[in-house]
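Welcome! Open your viewer, switch to a cartoon view, and get ready to select things one stop at a time.

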Amino acid sequence: MNEPLVRIRDLTVVYKTRVGLVRAVDRVSLDIYPGEVLGLVGESGCGKSTLGTALLRLVRQPGRIADGEIWFDGRNLLALSEEEMRGLRGARISMIFQDPMTSLNPLQRISDHVVETIRTHKPQISEREARQQAAELIDRLGIMAERLDDYPHQLSGGMRQRVMIGLALALRADLIVADEPTTSLDVIVEAQFLDLLKELQKDFGLTILLITHNIGIVAQLADRVAVMYAAKMVELADVEPLFAGPLHPYTQALLASVPNIRLEGDMLKIMQGSPPDLINPPSGCRFHPRCPHAFDRCAQEEPSLAEVRPGRWVACWLHHT
Amino acid sequence: MSNANLVEVQGLKKWFPVQRSFVERLVTRQRDFVRAVDGVDFEIRRGEVFGLAGESGSGKTTTGRLILRLTDPTEGRILFQGTDLAALGEEEMRQMRRHMQAIFQDPYASLNPRMKIGDAIGHSLEIFGLAKGEEKRGQVLDIMERVGLTPASILYDKYPHQLSGGQRQRAVIARALVLRPDLVVADEPIAMADVSVRALLLDLMLRLKEEFNLTYLFITHDLATAKYICNRIAVMYLGKIVEVGPLRQVYTSPQHPYTQALLAAVPVPDPKARRKPPMPKGEIPSPINPPSGCRFHPRCPAAMGICSQEEPKLAEVEPEHRVACHLVTSSSV
């Protein structure tokens, strides 16, 4: 495999709360390779979104990156000044959030968003050329030309998400961090958007970190999948082997509880218990109180994420030697 | 009406007038309406889970609210145990509400943040004068045990913010069931929950249905979840039912192009079964001036001449399975 575009090492993000310090992301390491779609999954509160915002150094107070390194294209992002970081955001790392309204200027027409973005990226280009390129891009996104002069609020949620992808494309961003990009969309619009994303990803060789709770979308789109539980990375693998045979008992339970419209049989597996309180996480493996296979060691020692087979990483004592 | 039907909905319509500006009111007398529900017929049978599926704007939530008579219909009838709800006076309707309860999507929004969980669950017992004091507490503790809100005596005195999301949703379920209703209208009851909690809540709802002899109207946008709970399902598009039937038939041989697209769009959690494009183009049009003929025709990959002119009626394609599509009706001729 080629060199990773992003190397995250032992990243820890903490939030200060009235009742104590919460480690929302706890010593997580992860590589993202150029041209791949890496799916990051887990349930609410597992730290997946915090990891995404940390990657852009956008963790807000009372949270902060407490420890670790984030290498992007040879530079440690945590060592950059705020100004250097601002230069990277948008230009080289683009973000797509659940609600695109928060990222679009409500007073600016769609065309102006795109034109401005193109001209930021290529200052030498003329206004007319930029307009021309914007029109082509918008067409590529499946947005009708007559919508170019609309304001963001006049577009549907699906259209707005298309615009967000368009802005990332206009900048030729190296990395797109997409956090629940389709969660607010209806299922057909979501499918249309995912088709577009897939097509553009292939054509432009986009690198995407796809953060979602929707296991189905990850199965449909991702090349590799990382699974988080209680601020820890518990499993990482190529998408097919992961779904064919998850190694971590949490991943197993998670996949078994996902409704599958295609499968025969009408019972879902139920995962007992609930995710732990991160102020006082369980000792050892954080999943051990809910794990059907737990043994003594699981409560005492924390398993590290280890490569148990080529390309298959898991943090579980069942698989460690 | 047959006793097997708990609810019968006939020709139900709900049109909301569109707000007009002062100037518009001066210039034109024409009023526009959002046709949220535009002529819907179906029945909910005693003891079944009847699903109402569709995307936002399909009218599924309004239909649920009409059945609970939280809003009055523009036209049509709703028979509940044979009684026409629209004909009931306020007090009679209030008594009727005991038999029909609702569970909504957002448990935060449906629980009073200043009311203890136990009091919130028991509130309706007091309102209907069914129990108070120790007796009320006993009934509330009992229902809390049954929905798995345990230890009940401790959680009774907690406030909503002190509970987990799953516990809050259980509290909402408990509050709906404490009156021992016949019908529960569940509108996206688990949409906010995490995957693992969803499975738990679905299982709970099914168990309670048996225990309390309930009938559910299950309103959802999530066809994958509906598969695990519904016996029959109706698919709505722009205020109309386009297909209705036993879940198995609708899922294995969907006849309406919209149902087909909706089912195909659900992301399957299996990387070996990746969906191939295309999806129907465009999005649901405005319900203010819905397309003529079949409302799906502008997006339909199989639309014919007749589709834009004539509105297709629901027609039976196999026992119990009805579809409103000219393709189906014309091919069977």
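How many residues of chain A are in contact with residues of chain B? Colour the two chains separately and look at where they meet: 37 residues of chain A are in contact with 35 residues of chain B. Here, two residues are in contact if their C-beta atoms, placed from the backbone, lie within 7 Å.

Before you click further, note that this is a predicted model, in which local features need pLDDT of at least 70 and side-chain atom pairs count only at pLDDT 80 or more, while totals for chains, interfaces and linings use all residues. Residues are numbered from 1 along each chain as its sequence is written, and chains are lettered from A and ligands numbered from 1 in the order in which they are written.

**Stop 1: the side of chain A that touches chain B**

Select α6 (187-204), α7 (215-221), α8 (239-244) and α9 (249-256) of chain A; each supplies at least two residues of the side that touches chain B. Helices (H or I, at least four residues) and strands (E, at least two) are DSSP runs, numbered from the N terminus. Which helix gives the most to this side? It is α6(A), with seven residues. Colour this side of chain A by residue type and you will find 18 nonpolar, eleven polar and eight charged residues. In this count, Ala, Val, Leu, Ile, Met, Phe, Trp, Tyr, Cys and Pro are nonpolar, Asp, Glu, Lys and Arg are charged, and the others, Gly among them, are polar.

**Stop 2: all of chain B**

Along the principal axes, the C-alpha atoms of chain B fill a box of roughly 70 × 60 × 45 Å.

Buried residues make up 47% of the 333 residues in chain B. A residue is buried if 20 or more other C-beta atoms lie within 10 Å of its own, exposed if 12 or fewer, and partly exposed in between; the C-beta atoms are placed from the backbone.

**Stop 3: strand β9 of chain B**

Select residues 232-237 of chain B, which form strand β9. Are they buried or exposed? Six of the six are buried, so the strand is largely enclosed by the rest of the structure. Show the side chains: B:Arg232, B:Ala234 and B:Met236 point one way, and B:Ile233, B:Val235 and B:Tyr237 the other way.

Strand β3 (residues 49-53) of chain B pairs with β9(B) in the parallel sense over four bridges, and B:Ala53 has B:Val235 as its bridge partner. Strand β10 (residues 240-246) of chain B runs antiparallel to β9(B), joined by six bridges. There, B:Tyr237 is partnered by B:Lys240. β9(B) and β10(B) form a hairpin with two residues between them, and B:Leu238 in the turn has a positive phi of about 50 degrees.

Stay with B:Val235 for a moment. Leaving out residues up to four places away in sequence, B:Val235 touches several residues, including B:Ile241, B:Tyr258 and B:Leu262. B:Val235 is also among the residues that touch the most other members of the largest nonpolar core, which has 202 residues. Such a core is a set of buried Ala, Val, Leu, Ile, Met, Phe, Trp, Tyr and Cys residues joined through C-beta atoms within 7 Å.

**Stop 4: helix α9 of chain B**

Select residues 195-212 of chain B, helix α9. Its 18 residues should span 26 Å at 1.5 Å a residue, and its end C-alpha atoms are 26 Å apart, which agrees. The expected span is 1.5 Å times one less than the number of residues. Among the buried residues of α9(B) are B:Val195, B:Leu201 and B:Leu208. What do the buried residues pack against? Show α7 and α9 of chain A, together with α8 (165-177) and α10 (223-226) of chain B.

**Last stop: strand β10 of chain A**

Finally, select residues 232-238 of chain A, strand β10. Six of its seven residues are buried, so this strand is largely enclosed by the rest of the structure. Strand β9 (residues 224-229) of chain A runs antiparallel to β10(A), with six bridges. End on A:Leu236, which stands opposite A:Ala226 and also opposite A:Trp313 in β12(A).

Methods: Pairing = 2+ DSSP bridges.
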